[in-house]
Amino acid sequence: MKPFAGLVFNAETEAWAAIAPRDIPARLRRVLVVDGKPRMEARLLLDDEAGGMSLAGFGAFVAGAVDLCPHGTRQAELLEVAAQRVLAYSNEGGAAVEMTRLSPRNPHTGRLEYTPHVFTGSQLEGAKSKVQRLMLDAEAELSHRLASALPLDEHDPNALPDTLVLQDGPVRIGGAGRAVLGYVKTLHTDYLGADRIGLLGTLKPGERTPVLRFRVGDQGDGQGSEGREQRFTWYVRLCDPPFYQHPLAGVMRLEMHAPEDTDFVPRGVLDIANLSGQLLCKLASQPHKDARAPQNLIPTAALEQAMGRAMGRAELVTRRIRSHLARELGKEAVA
């Protein structure tokens, strides 16, 4: 892991020790797992009337959710799993780009519509990055819309929201004030340091570390991070690692927005941290069902399958794009 260059502060307690899991309160009635899936479907090289050339690409993405009851009293439900298609193009060229509609020979297979979106520069992976960014923005918008408001009071006994969103990956810039919990499945960055990271290997399933605070983009030089948002973070163990894996296997990092200029953890954030171990252990996948277990949560795996179906088979979509281009260029149709 790469060490975090900035400062990390104690937020909950000065004692660095495991905190036992707690039951999920009845007040939390709804948990939504939000995830997204991007895909590039074809890459293009556009030319304009002046002979200039620029990069572009057909792509698609889905951002959806699984709506479930944390107490298991109702069946889980998929929400808003619909594909959006993108024609991403560079602003370096002068080519005119309009919405592209692909009408299939078989009308029962539906029409594909690619909405133009411009990206800056002429990078080879510019179109792919644009599709990825649109997906992340759609994830953040969906999470913010579905989650309950989160009070920032230190002592409010009713601060725990009734609807909590679990979002794959870190929480996004600008999404503060909502009950959104980001979960990071792969530990690329070390926020703890050599004197603290050893606790992770001793955590029992459901246990967590105390809550810490850091500032996004802090490079440890006092420059460039003042305007960036603050985060709360803590770690939870989902299961005991098999003997053949490293001690951090089964550990997940969690993240929530932190208010500026406060020296406490809001009651709502602390309540979510306390229930997070129990909740995530219930949602963790099993190795015989998912090779990415336990961090790839059961609802996430189900959502990934639904998002793949929503985008359709990649080879069939690519064939339709080639047929469309062949007709536009007056070439022989692609079989």
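What pLDDT does the chain average? The chain averages 89, and 92% of the residues score at least 70. pLDDT is the predictor's confidence in each residue, from 0 to 100. This is a predicted model, in which local features need pLDDT of at least 70, side-chain atom pairs count only at pLDDT 80 or more, and totals for chains, interfaces and linings use all residues. Residues are numbered from 1 along each chain as its sequence is written, and side-chain values use heavy atoms, with hydrogens and water left out.

**View 1. Confidence by element.** Strand 13 (residues 230-237) has the highest mean pLDDT among the elements of the chain, 97. Strand 7 (residues 100-102) has the lowest, 85. Helices (H or I, at least four residues) and strands (E, at least two) are DSSP runs, numbered from the N terminus.

**View 2. Two domains in one chain.** Domain 1 covers 2-28 + 160-296; domain 2 covers 31-143 + 304-330. These bounds come from an automatic or database domain assignment. The C-alpha centres of the two domains lie 31 Å apart. Domain 1 brings 18 residues to the contact and domain 2 brings 13 (contact: heavy atoms within 4.5 Å). Together the domains bury about 1300 Å², 53% of it on carbon and sulfur atoms. Buried area is the accessible area (1.4 Å probe) that two parts lose on being put together, summed over both.

View 3. Domain 1 and domain 2 share 1 salt bridge (a side-chain nitrogen of Lys or Arg within 4 Å of a carboxyl oxygen of Asp or Glu). R172 and E139 form a salt bridge through their side chains, at 2.5 Å from N to O. Strand 9 (163-168), strand 10 (180-184) and helix 3 (267-283) each supply at least two residues of the side of domain 1 that touches domain 2. Strand 9 gives the most, 6 residues.

View 4. The closest N and O atoms of R133 and D137 are 3.3 Å apart, in a salt bridge. The two residues are separated by about one helical turn because they are 4 residues apart in helix 1 (residues 126-146).
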